[in-house]
Amino acid sequence: MVYAVSMVLCGLVIALVPVFGSYLSLGILSGFFGLFISANYSFTSIILVEIISLERFTNAYGVLLLVQGIANLIGPPLAG
């Protein structure tokens, strides 16, 4: 539940970026984004172990990191 709420709040912070234009407000939004996105990194392994068994965790975590790496490589150029 905490993971889902954090991801929703992270999306809302990103949606608010065009509304705010000052440096201070963008800095505050960046701080909130960092706070909310931290749930992604701290809960990923816990959720992954709950979905699959502990024996297959290393393979699944490797594939997950590969997919996240590809998304981080392709996402920013597509966003502009």
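Trainee: What is the relative accessible area of Phe-32?
Mentor: This is a predicted model, where local features need pLDDT of at least 70 and side-chain atom pairs count only at pLDDT 80 or more, while totals for chains, interfaces and linings use all residues. Residues are numbered from 1 along each chain as its sequence is written, and side-chain values use heavy atoms, without hydrogens or water. Buried means under 20% relative accessible area, exposed over 50%, partly exposed in between (1.4 Å probe, protein chains only). Phe-32 is partly exposed, at 41%.

Trainee: At what angle are the ring planes of Phe-32 and Phe-36?
Mentor: Rings of Phe, Tyr and Trp (its six-membered ring) pair if their centres lie within 6.5 Å; planes under 30 degrees apart count as stacked, over 60 as edge-to-face and the rest as tilted. The centres of Phe-32 and Phe-36 are 6.1 Å apart, and the pair is stacked because the planes are at 15°.

Trainee: Which helix holds Phe-32 and Phe-36?
Mentor: Helices are DSSP runs (H or I, at least four residues), numbered from the N terminus. Phe-32 and Phe-36 are four residues apart, so about one helical turn separates them in helix α2 (residues 23-51).

Trainee: Which residue forms an aromatic pair with Phe-57?
Mentor: Phe-57 is buried, with a relative accessible area of 18%. Its stacked pair has 5.4 Å centre to centre and 25° between the planes, and the partner is Tyr-61.

Trainee: What is the relative accessible area of Val-19?
Mentor: Val-19 sits in the loop between α1 and α2. Val-19 is exposed, with a relative accessible area of 61%.

Note on methods:
Helices (H or I, at least four residues) and strands (E, at least two) are DSSP runs, numbered from the N terminus.
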